[in-house]
2 protein chains.
Amino acid sequence: MNIEVCYTPQAYPLFHNPNAVVVVIDVLRATSAITTAFYNGVLKIIPIATVEEALEYKSNGYMVAAERNGEVLEGFDLGNSPFGYMNSKVKGKTIAITTTNGTQAIDAAKSAHKIIIGSFLNLDAIVDYLIEEKKDVLFLCAGWKNKFNLEDTLFAGAVAEKLSLKSGFETQCDSTLAAIDLYKLAKHDLVGYLANSSHRNRLAKLDLERDIKYCLTPNQCPVVPVMEGKFLVKG
Amino acid sequence: MNIEVCYTPQAYPLFHNPNAVVVVIDVLRATSAITTAFYNGVLKIIPIATVEEALEYKSNGYMVAAERNGEVLEGFDLGNSPFGYMNSKVKGKTIAITTTNGTQAIDAAKSAHKIIIGSFLNLDAIVDYLIEEKKDVLFLCAGWKNKFNLEDTLFAGAVAEKLSLKSGFETQCDSTLAAIDLYKLAKHDLVGYLANSSHRNRLAKLDLERDIKYCLTPNQCPVVPVMEGKFLVKG
């Protein structure tokens with residue numbers, strides 16, 4: 001089974017592999033929020049690309065999360081902060097969600113064989129799931145507005161490193177080799193390693209240090225969100 | 001002055017900065033060959049994107065280099081091997097050149113303020129040139145068919161590391177931080193570090209080990225090729 005890492009949604013068509021499980025990654029914070037939501041009892045999530053769709057879902061009575069540039073959009077219930085989903089109000093609910101990068105990445109991969117949602121919060125659960133699936137693996141980093149980012153790459157490297165130790169998995173992809181090496185540099189102090197990264201600083205300015213530390217702490221939410229039709233459900 | 005690294009020509013429009021000097025990088029082997037050519041007395045190089053244009057230049061009497069997928073195209077004088085340009089026949093000549101990735105990268109950046117050609121062969125000359133220019137710097141890696149590659153990233157990291165030690169240069173770009181960290185890992189043994197990289201293996205299959213070792217040995221050709229109109233000339 002082959003492992004590849006695609007650093008941005010823009011590049012996805014070059015990596016599309018009809019046999020691969022695509023792991024969509026937006027560590028700060030969409031896929032961390034989604035993982036947290038399922039761990040806290042959300043029933044279904046509908047990832048949507050545009051604010052217009054979000055407004056439509058809202059007018060149809062859905063609970064709707066909408067974030068752009070790190071902030072909750074006015075008039076919406078929730079944004080991108082995982083802490084917003086640690087709440088009994090979300091239990092059993094179906095939530096529509098649109099974010100700056102994460103839901104665009106899910107949209108880019110919509111023709112994939114299977115899409116799952118990865119974050120440090122469900123790191124080991126993702127590894128176990130992929131070992132069980134026995135398929136090619138394509139990590140799709142959400143990045144920041146189609147530019148490479150470090151935190152998503154580090155998560156791809158974390159999973160790729162663990163998979164590459166299992167028989168049957170291999171990689172000839174330079175972006176995977178780079179992701180693994182960067183993760184090895186960073187893994188003993190993810191928060192410290194990312195101190196200079198662009199998006200961490202963007203969020204720090206928004207006073208989101210608590211979110212950052214939470215999103216970089218592995219294995220707090222051992223669930224694997226899986227795309228089924230237009231819904232994400234607990235896999 | 002800001003430093004950014006763009007990993008693929010596809011992403012160039014997201015990074016375009018009208019004030020930046022763009023350093024085009026295709027270590028294996030287009031920009032190494034171009035650097036070697038100028039060091040060996042070539043007068044001008046015309047980078048062209050398509051084989052059709054190459055045929056047209058040939059029929060007009062030009063010396064033409066044409067490479068695709070690592071091999072010289074049939075009917076052309078030269079390909080991508082730097083050793084082809086260490087030859088008295090090229091001295092004083094104008095050569096048209098088309099390659100799989102490198103000349104596409106030059107084409108992608110054609111709206112830039114200034115384009116220069118970088119490779120390990122002219123590493124320190126590039127650093128000195130950029131310090132002298134006092135402009136923003138954008139590294140444009142040719143990659144492999146619009147996918148990230150390690151060797152171009154390592155060269156970007158090598159120059160970025162040196163520039164970041166000079167006052168006035170800074171970076172908030174995750175791809176630059178990653179390139180610098182990867183270069184720090186690799187710099188004491190570039191050939192060894194790249195042993196598993198995808199393009200190195202592609203070339204090794206074509207029996208091009210000698211080219212690889214040459215292209216990864218810094219500072220053999222202290223010249224800076226610069227784009228002027230449709231020509232590359234010695235800067």
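In this predicted model, A:Val22 has a bridge partner in strand 8 of chain A, and that partner is A:Leu138.

Strand 1 (residues 3-6) of chain A runs parallel to strand 8 of chain A, with four bridges joining them. Here, A:Val5 is the residue that stands opposite A:Phe139. Here are the two pairings again:

| Partner of strand 8 of chain A | Bridges | Sense |
|---|---|---|
| Strand 1 (residues 3-6) of chain A | four bridges | parallel |

Now for the side chains. In a regular strand they alternate between the two faces of the sheet. Take a look at strand 8 of chain A: A:Val137, A:Phe139 and A:Cys141 point one way, while A:Leu138 and A:Leu140 point the other way, and all are buried. With five of its five residues (137-141) buried, strand 8 of chain A is largely enclosed by the rest of the structure.

Let's zoom out to the two chains. Chain A can be superposed on chain B by a rotation of 180° with 0.0 Å of shift along the axis, giving an RMSD of 0.0 Å. The two copies are thus related as by a two-fold rotation axis. Which C-alpha of chain A is nearest the axis? That of A:Leu182, 3.6 Å from it. As for the interface, 96% of the interface residues of chain A are also interface residues in chain B, so the copies meet through the same surface.

Key: Residues numbered from 1 in each chain as written. Chains lettered and ligands numbered in written order. Predicted model: local features only at pLDDT ≥ 70, side-chain atom pairs only at ≥ 80, totals over all residues. Least-squares fit on C-alpha atoms with pLDDT ≥ 70 in both. Contact = placed C-beta atoms within 7 Å. Buried ≥ 20, exposed ≤ 12 C-beta atoms within 10 Å, placed from the backbone. Helix = DSSP H or I, 4+ residues; strand = E, 2+ residues; numbered from the N terminus. Pairing = 2+ DSSP bridges.
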